[in-house]
Amino acid sequence: MTKIGLLGCGRLGGIIADALCGGKVPGCRLVGVMGRGTGRAVQLAEKCGCVSCGNIRQLLALEPDYLVEAATAQALRDCALEVLSSGRRLICLSIGAFSDEDFYRQVSQTAQAHRAKVYLAPGVIGGFDIASTLSAMGELRGALIKYKFPSGSGRCPPALAGFPDRFEGSAREGFALSPAHLNIAIAAALACGSLDETQMRIEPVSQEDAPSFGLDLTGEFAGASLRVWQGGFGGKPEGPALAAWSVVALLRRLTAPVTFA
């Protein structure tokens with residue numbers, strides 16, 4: 001049985017915990033959770049029949065095979081080196097933390113020194129496997145696009161109302177607009193190979209359209225374009241949950257006997 005520890009007991013962490021406890025990842029068992037406040041962690045632990053931990057050392061003492069971070073970039077910065085120094089494998093959702101190149105270098109060096117591994121969950125968009133393939137073939141130009149309702153349209157969520165309706169710059173510059181909401185810009189840039197060469201755009205959509213993310217890739221020998229809408233059948237707004245389910249899918253791939261790499 002593969003043991004999973006979970007850092008983060010908010011909405012995303014709750015979805016991951018429910019999926020693990022509901023048998024969505026065969027052969028995996030949630031052994032412990034840790035959150036910013038003890039209340040949520042205790043409730044989630046009771047619900048899932050695992051241990052509520054007050055600090056990262058207690059969580060690591062449960063000897064999880066994988067530690068899943070579904071908290072914040074600061075939480076990842078605070079715990080990553082200790083997790084990797086213990087030889088544990090770390091799955092990250094708060095990839096924006098790696099916009100700090102010194103932190104990225106420290107994480108890489110610590111993982112290598114302790115034969116640990118860091119896995120970056122794709123979050124709300126895919127296509128990073130294609131980006132890696134195109135990058136291996138030769139030069140790659142990549143662009144992440146955030147499609148949103150115009151701020152004055154009445155349909156733009158309050159959290160995005162401060163975003164410009166149009167923007168074009170590097171992934172690093174785009175991420176700086178809102179680290180909480182554009183974490184995916186850093187993920188796309190890491191997949192494409194550069195925070196400054198990978199582009200980010202914000203473009204408005206019509207009232208009849210839906211918010212989405214797009215990834216445009218142009219390589220020397222091939223290209224690809226992917227767009228993921230934040231809504232499913234019947235217009236259900238499941239965009240934010242997609243990030244949590246990308247962790248569930250990643251755990252399935254990591255623990256399955258036959259899998260897509």
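The model is predicted, so local features require pLDDT of at least 70 and side-chain atom pairs count only at pLDDT 80 or more, whereas totals for chains, interfaces and linings use all residues. Residues are numbered from 1 along each chain as its sequence is written, and side-chain values use heavy atoms, with hydrogens and water left out. Helices (H or I, at least four residues) and strands (E, at least two) are DSSP runs numbered from the N terminus.

**Helices α4 and α5**

- The axes of α4 (residues 73–85) and α5 (residues 101–113) come within 8 Å and cross at roughly 15 degrees; axes are lines fitted to C-alpha atoms, for helices over the stretch in contact, and angles run from 0 to 180 degrees between N-to-C directions.
- The two helices α4 and α5 are therefore roughly parallel, a term for angles under 35 degrees.
- Contact (heavy atoms within 4.5 Å) involves Leu76, Arg77, Ala80, Leu81, Leu84 and Ser85 of α4, together with Phe103, Gln106, Val107, Thr110 and Ala111 of α5.
- The residues of this contact comprise 7 nonpolar, 3 polar and 1 charged; Ala, Val, Leu, Ile, Met, Phe, Trp, Tyr, Cys and Pro count as nonpolar, Asp, Glu, Lys and Arg as charged, and the others, Gly among them, as polar.

**Helices α1 and α2**

- Helix α1 (residues 11–21) and helix α2 (residues 38–48) have axes that come within 10 Å and cross at roughly 15 degrees.
- Therefore α1 and α2 are also roughly parallel to each other.
- On α1 the contact is made by Gly13, Gly14, Ala17, Asp18 and Cys21, and on α2 by Leu44, Lys47 and Cys48.
- This contact of α1 with α2 has 4 nonpolar, 2 polar and 2 charged residues.

**Helices α6 and α8**

- The axes of α6 and α8 lie 8 Å apart, and the helices pack at an angle of about 30 degrees.
- Helices α6 and α8 are therefore roughly parallel.
- Phe128, Ala131 and Ser132 of α6 meet Ile184, Ala187, Ala188, Ala191 and Cys192 of α8.
- The residues in the contact of α6 with α8 include 7 nonpolar, 1 polar and no charged.

**The second largest pocket**

- A total of 27 residues line the second largest pocket, and Tyr119, Leu120, Phe128, Ser132 and Leu250 lie nearest its centre.
- At least two lining residues come from each of α5, β6 (117–120), α6 (128–137), α8 (183–192) and α9 (239–255).
- By class, the lining of this pocket has 19 nonpolar, 5 polar and 3 charged residues.
- On a 1 Å grid over the protein atoms alone, a pocket is an open set of points where a 1.4 Å probe fits, with protein on both sides within 12 Å along at least five of seven lines, and lining residues have an atom within 4 Å of a point.

Notes. Angles under 35 degrees count as roughly parallel, over 145 as roughly antiparallel, 65 to 115 as roughly perpendicular and the rest as oblique.
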